Amino acid sequence: QVQLVESGGGLVQPGGSLRLSCAASGSIFSISAMGWYRQVPGKQRDLVATITSVGSTNYADSVKGRFTISRDNAKNTVYLQMNSLKPEDTAVYYCTASITASYWGQGTQVTVSS
């Protein structure tokens with residue numbers, strides 16, 4: 001059994017910053033890719049950023065230059081530093097990890113509003 005627990009969401013003003021964290025626990029031998037997706041009501045879940053076990057990253061065009069994904073392999077934790085936040089970044093953010101299968105966290109709400 002694998003669990004992913006996200007933290008760090010909340011309400012922030014436009015232009016502000018937030019840092020999301022996601023810790024994986026359970027029956028983990030090794031994690032290949034980890035990442036973040038986001039979803040707004042009525043729309044599909046979209047890729048935000050991913051990172052491989054050796055640190056290769058991939059970002060959605062809409063967040064390039066503003067968001068940074070990183071991971072601590074020793075802690076089985078992935079982070080998402082979000083800067084220069086915009087109202088359109090408002091969504092539920094989900095963490096994912098590829099182990100023997102793909103696992104998802106429960107989601108954390110990020111709201112960007114003045």
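Student: How many disulfides does the count come to?

Tutor: The count comes to 1 disulfide, and please keep in mind that this is a predicted model.

Student: What makes Cys22 and Cys95 a disulfide?

Tutor: Their sulfur atoms are 2.0 Å apart, and the cut-off is within 2.5 Å, so the pair qualifies as a disulfide. The link of Cys22 and Cys95 is left-handed, with -75° about the S-S bond. Cys22 belongs to strand 3 (residues 18-26) and Cys95 to strand 9 (residues 91-98), so the link ties together parts that are 73 residues apart in sequence.

Student: Why is Cys22 called buried?

Tutor: Buried means under 20% relative accessible area. Cys22 has 0% relative accessibility, so Cys22 counts as buried. Cys95 is also at 0% and counts as buried.

Student: Why is the pair of Tyr37 and Trp104 called edge-to-face?

Tutor: The ring centres of Tyr37 and Trp104 are 5.2 Å apart, and the limit for a pair is within 6.5 Å. Their planes stand at 70°, and over 60 degrees counts as edge-to-face, so that name applies to Tyr37 and Trp104. Tyr37 lies in strand 4 (residues 34-39) and Trp104 in strand 10 (residues 102-104).

Student: Is Trp104 buried, exposed or partly exposed, and how do you know?

Tutor: Trp104 has 38% relative accessibility.

Student: Which residues are linked with Asp89 in a network of salt bridges?

Tutor: Arg38 and Arg66 are linked with Asp89 in that network. For Arg66 and Asp89 the N to O distance is 2.8 Å, and the cut-off is within 4 Å, so this pair is a salt bridge too.

Student: What makes Asp61 exposed?

Tutor: Exposed means over 50% relative accessible area. Asp61 is at 65%, so Asp61 counts as exposed. Asp61 also forms a salt bridge with Lys64, with the closest N and O atoms 3.1 Å apart.

Note on methods:
Residues numbered from 1 in each chain as written. Predicted model: local features only at pLDDT ≥ 70, side-chain atom pairs only at ≥ 80, totals over all residues. Heavy atoms only, no water. Helix = DSSP H or I, 4+ residues; strand = E, 2+ residues; numbered from the N terminus. Buried < 20%, exposed > 50% of the residue type's maximum accessible area, 1.4 Å probe, protein only. Phe/Tyr/Trp six-rings, centres within 6.5 Å; stacked < 30°, edge-to-face > 60°. Salt bridge = Lys/Arg side-chain N within 4 Å of Asp/Glu carboxyl O.
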